[in-house]
Amino acid sequence: QLQASGGGLVQAGGSLRLPCAASGRTFEDAVIGWFRQAPGKEHVFVATIRWIGGRTRYADSVEGRFTISRDNAKNTAYLQMNNLKPEDTAVYFCVAGAYMKSDRGAYSFWGQGTQVTVSS
């Protein structure tokens, strides 16, 4: 099970950190990712990290502002979001899969979402 948290309301230019905690399994053989879904829109890829080695990949829209990381001891992945913009407003989902892909079909495990709202 994946548990995402840390969402909230923040002003443009602010920061949030979203933890994704796993229970019932470890991430050692997995790729962890984040997708987001704005109202009335499809799920959109945000970032992904390979647990072993820490290789990362980002969507162009968040490159340089967001950082995905993981903490082995806590079995938790994080999405650090800086310089947030109103267009970042969405429900953010933590996911797990086997490949570092940007399509949602590559991820078999989905946590519940956490709402991020950025005011202008």
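## Basis of the report

Strands are DSSP runs (E, at least two residues), and helices are DSSP runs (H or I, at least four residues), both numbered from the N terminus. Thr76, for example, lies in strand 8, which spans residues 76–81.

The structure is a predicted model, in which local features need pLDDT of at least 70 and side-chain atom pairs count only at pLDDT 80 or more, whereas totals for chains, interfaces and linings use all residues. Residues are numbered from 1 along each chain as its sequence is written, and side-chain values use heavy atoms, with hydrogens and water left out.

## The disulfide

A search of the whole structure finds one disulfide, a term that denotes a pair of cysteine sulfur atoms within 2.5 Å. The disulfide is formed by Cys20 and Cys94, whose sulfur atoms are 1.7 Å apart. The pair ties together parts that are 74 residues apart in sequence, because Cys20 lies in strand 3 (residues 16–22) and Cys94 in strand 9 (residues 90–97). The torsion about the S-S bond is about -65°, and the disulfide is therefore left-handed.

Cys20 is buried, with a relative accessible area of 0%. Cys94 also counts as buried, at 0% relative accessibility.

An open sheet of four strands has the order 1-3-8-7, with antiparallel pairing. Its edge strands are strand 1 (2–4) and strand 7, each of which pairs on one side only. From one strand to the next, the twist averages 15°; for such angles, axes are lines fitted to C-alpha atoms (for helices over the stretch in contact), and the angles run from 0 to 180 degrees between N-to-C directions.

Two strands pair if DSSP finds at least two bridges between them. Strand 3 and strand 8 run antiparallel and are joined by six bridges. Within this pairing, Pro19 stands opposite Tyr78 in strand 8.

Thr76 counts as buried, with 8% relative accessibility. A polar atom of the Thr76 side chain lies 2.8 Å from the backbone oxygen of Lys74. Contact means heavy atoms within 4.5 Å. With neighbours within four places in sequence left aside, Thr76 is in contact with Pro19, Cys20, Ala21, Trp51, Arg70 and Asp71.

Ala73 is found in the loop between strand 7 and strand 8. At 77% relative accessibility, Ala73 counts as exposed. The C-alpha atoms of Ala73 and Cys20 are separated by 13 Å, and the two residues are 53 residues apart along the chain.

A salt bridge is a side-chain nitrogen of Lys or Arg within 4 Å of a carboxyl oxygen of Asp or Glu. By this rule the count comes to two. In one of them, the side chains of Asp88 and Arg36 meet at 2.9 Å, N to O. Asp88 lies in the loop between strand 8 and strand 9 and Arg36 in strand 4 (residues 31–37), so the pair ties together parts that are 52 residues apart in sequence. Both Asp88 and Arg36 are buried.

Arg65 also forms a salt bridge with Asp88, the closest N and O atoms being 2.7 Å apart. Because Arg65 lies in the loop between strand 6 (56–58) and strand 7 (66–71), and Asp88 in the loop between strand 8 and strand 9, this pair ties together parts that are 23 residues apart in sequence. Arg65 is buried, as is Asp88.

## His43 and its polar partners

His43 is found in strand 5 (residues 43–50). A polar contact is a pair of N or O atoms within 3.5 Å; within protein, one must be able to donate a hydrogen and the other to accept it, and residues adjacent in sequence count only if both atoms are side-chain atoms. The side chain of His43 makes such a contact of 3.3 Å with that of Gln37 and another of 2.8 Å with that of Arg104.

## Strand 11 and its partners

Strand 2 (residues 8–11) runs parallel to strand 11, and four bridges join them. Val10 has Val118 as its bridge partner in strand 11. Strand 9 runs antiparallel to strand 11, with three bridges between them, and Ala90 stands opposite Val116 in strand 11.

Notes:
Buried < 20%, exposed > 50% of the residue type's maximum accessible area, 1.4 Å probe, protein only.
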